[in-house]
Amino acid sequence: KIYQRFQFVFSFRFRDLNSIKSRVTLKELILEQYPYFGNSLGKLWKNPAELLFIFDGLDEFNGRIDFADSRRDTEPKHQCPDPEWWCEVSDIVYSLIQHKLLPGCSV
């Protein structure tokens, strides 16, 4: 077991995420690549420290993730605080990294 600290490791390629042109939920993103999780995702959200999200190929991402934009903390349209909220892919990734979405998870 490479990542013994984590119960689940979710890997996404930005090249694949580029094809998503509408708002989506983190739940949908996961189920699209990992359909066998089905109805068990609700249990996973309860222990985010056991989750690792890997995003490969940031340099290939067509969306915009502005880590230097200090206003992002106060503009709710740029945050995605819940795995079942409809958000832009860039806002889901940003919210995971900033621990606004699933606080305690690793990215």
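Not counting residues up to four places away in sequence, Ile-92 touches Val-24, Thr-25, Leu-26, Leu-29, Cys-80, Cys-87 and Leu-101. This residue sits in helix 4, and the model, which is a predicted one, gives Ile-92 a relative accessible area of 0%. Since buried means under 20%, Ile-92 is plainly buried. Pro-81 comes 11 residues away from Ile-92 in sequence, and the C-alpha atoms of the two are 8.5 Å apart in space.

Ile-92 also shows up in the largest nonpolar core, which has 28 residues. Which of them touch the most other members? They are Phe-10, Leu-26, Ile-30, Phe-53, Ile-92, Leu-96 and Leu-102. Two or more residues each come from strand 1, helix 1, helix 2, helix 3, strand 2 (51-56) and helix 4 (89-97). Helix 4 gives the most, with 5 residues.

Helix 2 is worth a look of its own. Its buried residues are Leu-26, Leu-29 and Ile-30. They lie on the same side of helix 2, because the arc they cover around the axis is only 95 degrees. As for partners, the buried residues of helix 2 pack against strand 1, helix 1, helix 3, strand 2 and helix 4.

Next come the aromatic rings. A pair of aromatic rings is described by the distance of the centres and the angle of the planes. The count comes to 12 aromatic pairs. In one of them, Phe-10 and Tyr-34, the ring centres are 5.3 Å apart and the planes meet at 75 degrees, so the pair is edge-to-face. This pair links distant parts of the chain, with Phe-10 in strand 1 (residues 8-13) and Tyr-34 in the loop between helix 2 and helix 3 (41-45), 24 residues apart. Phe-10 and Tyr-34 are both buried. Tyr-34 pairs with Phe-37 too: their centres are 6.3 Å apart and their planes are at 75 degrees, so this pair is edge-to-face as well. Phe-10, Tyr-34 and Phe-37 belong to one aromatic cluster, along with Phe-8, Phe-12, Phe-14, Tyr-36, Phe-53, Phe-55 and Phe-61.

Phe-61 turns up again among the contacts of Asn-18. Leaving aside neighbours within four places in sequence, Asn-18 is in contact with Glu-60, Phe-61, Asn-62 and Gly-63. Asn-18 is found in the loop between helix 1 (14-17) and helix 2 (26-33). Is Asn-18 buried or exposed? Its relative accessible area is 12%, so Asn-18 counts as buried.

Finally, the backbone. Most residues other than glycine have a negative phi. His-99 has a positive value instead, with phi near 60 degrees, and Leu-102 has one near 50 degrees, again positive in a residue other than glycine. His-99 lies in the segment after helix 4, and Leu-102 is found in the segment after helix 4 too.

Methods:
Residues are numbered from 1 along each chain as its sequence is written. This is a predicted model: local features need pLDDT of at least 70, side-chain atom pairs count only at pLDDT 80 or more; totals for chains, interfaces and linings use all residues. Side-chain values use heavy atoms; hydrogens and water are left out. Helices (H or I, at least four residues) and strands (E, at least two) are DSSP runs, numbered from the N terminus. Buried means under 20% relative accessible area, exposed over 50%, partly exposed in between (1.4 Å probe, protein chains only). Contact means heavy atoms within 4.5 Å. Rings of Phe, Tyr and Trp (its six-membered ring) pair if their centres lie within 6.5 Å; planes under 30 degrees apart count as stacked, over 60 as edge-to-face and the rest as tilted. A nonpolar core is a set of buried Ala, Val, Leu, Ile, Met, Phe, Trp, Tyr and Cys residues joined through side-chain atoms within 4.5 Å. The arc is that of the directions from the helix axis to the C-beta atoms.
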